[in-house]
Amino acid sequence: MGFGARSWVAAGIVIATVRPRRYRRVVPSSSLRAVQLVTAHVLLRDGDGAAFLVPDRADGSWSLPGAPIGHGQSPAGVAAAVLAAVAGPPAPAVGATLGRVALGRVREIHSDVTDRPADGVSVHTLHIVYDAHHNSAAQPDGPAADETVPPSGRVRLEGDPARLDGDLVVPDGGPVPLHGAVPVLRPQELPLARFTAQVLGLPTVPAAPVPARAVQRDRQGDPPKVQRAGVYAMIVDAGWLLVTRYVHTGTWSLPGGGIDHGEAPLEALSREVREETGLQVRNPRLADVGHIRFTAHSPQGELEDFHGLQLVYRAEVQSGARPRVVEIGGTTDEVAWVGLNALDGLSATRLLRRVVDEVLPGHR
């Protein structure tokens, strides 16, 4: 026929199999609807150093226990609920319950893209991973998980929007009993989810690059619920903080913005800071993960029930560098260095206030 099977696939053309009347359509990734999913996971080890993992019923891989962050839910609250479920009544394979457990600081964030042609979507998942502690005194670094999980496995964390059952949904799979998570001493012998291998420091095959593009928002609901993850840079130089001003509201915030489909968080951070300040970030380190929910009009004029997941990185730029807004027609119209003792006089976003009051003191 002139074309081999490989050429037909590359061309995105319908391919005939050896059996008549059975066809497989290869759908280009760029034609799939770009959606974003954010999940919270916990890294918990037993006394022997074995990491607790759960199986994915869809593809047989193993991953750190986790669950999607629902609209309006706190990332740390979801992680605490996952931890409480893991520390609940164990499956026989575990053999013993965990003792006192507490959620620690956010550890790292990984991302991957999975195309689902049958569903017409390309899913960009951001995996937020928290450290967890057990059989020790309560940790001051984060919210404690509920230590008294009812026998039913139902988790209820008072004062937090997370309300999750013991059977939670992990990415790309169905419900799995998190309280049946298995401690695995040699995870390299199991088929691991890519992000889990990265967290455990195991080698992974480099993922194919995915061209970045805008996330397509789901317009269902009245007003529609929109969840979006964004990255922000906390940059301090000799007592001065780098801040940017929103053109639509006149309020000041940290340099940063939404993560595009296919972008790793650090790639998005570098792009956003370059667009809004003209500077190149150096040595970025994850400092905090927060969230915010409000109903308002978007920059496009559409009313939204917006849930923003805010990934804050401590970063550096060349000392003494003069910033300038590079992006034309964006959401930022001004950038400046502001003394830390002069922030009270600014019209600031809640993100900027929270970072200055709660995050920055621990990172000076």
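Visitor: How many helices and strands does the secondary structure of the protein come to?
Guide: The model is a predicted one. Of the 364 residues of the protein, 46% count as buried. The secondary structure comes to five helices and 18 strands.

Visitor: Among contacts between residues at least 6 apart in sequence, what share joins residues at least 24 apart?
Guide: The count here concerns contacts in the protein between residues at least 6 apart in sequence. Of these, the share that joins residues at least 24 apart is 71%.

Visitor: Which element gives the most to the largest nonpolar core?
Guide: The largest nonpolar core has 44 residues, and those with the most contacts inside it are L103, I128, Y130, I235 and L311. Several elements each supply at least two residues of this core, among them strand 3 (33–43), strand 7 (101–116), strand 8 (121–134) and helix 4 (265–277). With seven residues, the element that gives the most to this core is helix 2.

Visitor: How many residues are in the second, separate core?
Guide: In the largest core, I128 is one of the residues with the most contacts. Beyond its neighbours within four places in sequence, I128 is in contact with residues including V38, I69, V106, V289 and L311. A second core is separate and includes V243, W252, V359 and L360. The number of residues in this second core is 17.

Visitor: Why does Q73 count as buried?
Guide: Q73 is found in the loop between strand 6 (66–68) and helix 2 (75–86). The side chain of Q73 reaches the backbone nitrogen of G70 at 2.7 Å. Buried means under 20% relative accessible area. Q73 therefore counts as buried, because its relative accessibility is 12%.

Visitor: In the hairpin of strand 12 and strand 13, which residue takes a positive phi?
Guide: Strand 12 also pairs with strand 15 in the antiparallel sense over three bridges, with Y232 opposite G256. Strand 12 and strand 13 (residues 240–246) pair in the antiparallel sense over two bridges, and D237 stands opposite W240. Two residues lie between the strands of this hairpin, and the one with a positive phi near 55 degrees is A238.

Visitor: Which strand gives the most to the lining of the largest pocket?
Guide: The largest pocket has a volume of about 1,200 Å³. Of its 38 lining residues, the closest to the centre are Y232, Y246, P299, F306 and T331. Elements that each supply at least two residues of the lining include strand 12, strand 16 (282–297) and helix 5 (350–359). With five residues, the element that gives the most is strand 17.

Definitions and conventions: Residues are numbered from 1 along each chain as its sequence is written. This is a predicted model: local features need pLDDT of at least 70, side-chain atom pairs count only at pLDDT 80 or more; totals for chains, interfaces and linings use all residues. Side-chain values use heavy atoms; hydrogens and water are left out. Helices (H or I, at least four residues) and strands (E, at least two) are DSSP runs, numbered from the N terminus. Buried means under 20% relative accessible area, exposed over 50%, partly exposed in between (1.4 Å probe, protein chains only). A polar contact is a pair of N or O atoms within 3.5 Å; within protein, one must be able to donate a hydrogen and the other to accept it, and residues adjacent in sequence count only if both atoms are side-chain atoms. A nonpolar core is a set of buried Ala, Val, Leu, Ile, Met, Phe, Trp, Tyr and Cys residues joined through side-chain atoms within 4.5 Å. Contact means heavy atoms within 4.5 Å. On a 1 Å grid over the protein atoms alone, a cavity is a set of points where a 1.4 Å probe fits but cannot get out, and a pocket is an open set with protein on both sides within 12 Å along at least five of seven lines; lining residues have an atom within 4 Å of a point. Grid points are joined across faces, edges and corners, and a volume is the space filled by probe spheres set on the points. Two strands pair if DSSP finds at least two bridges between them.
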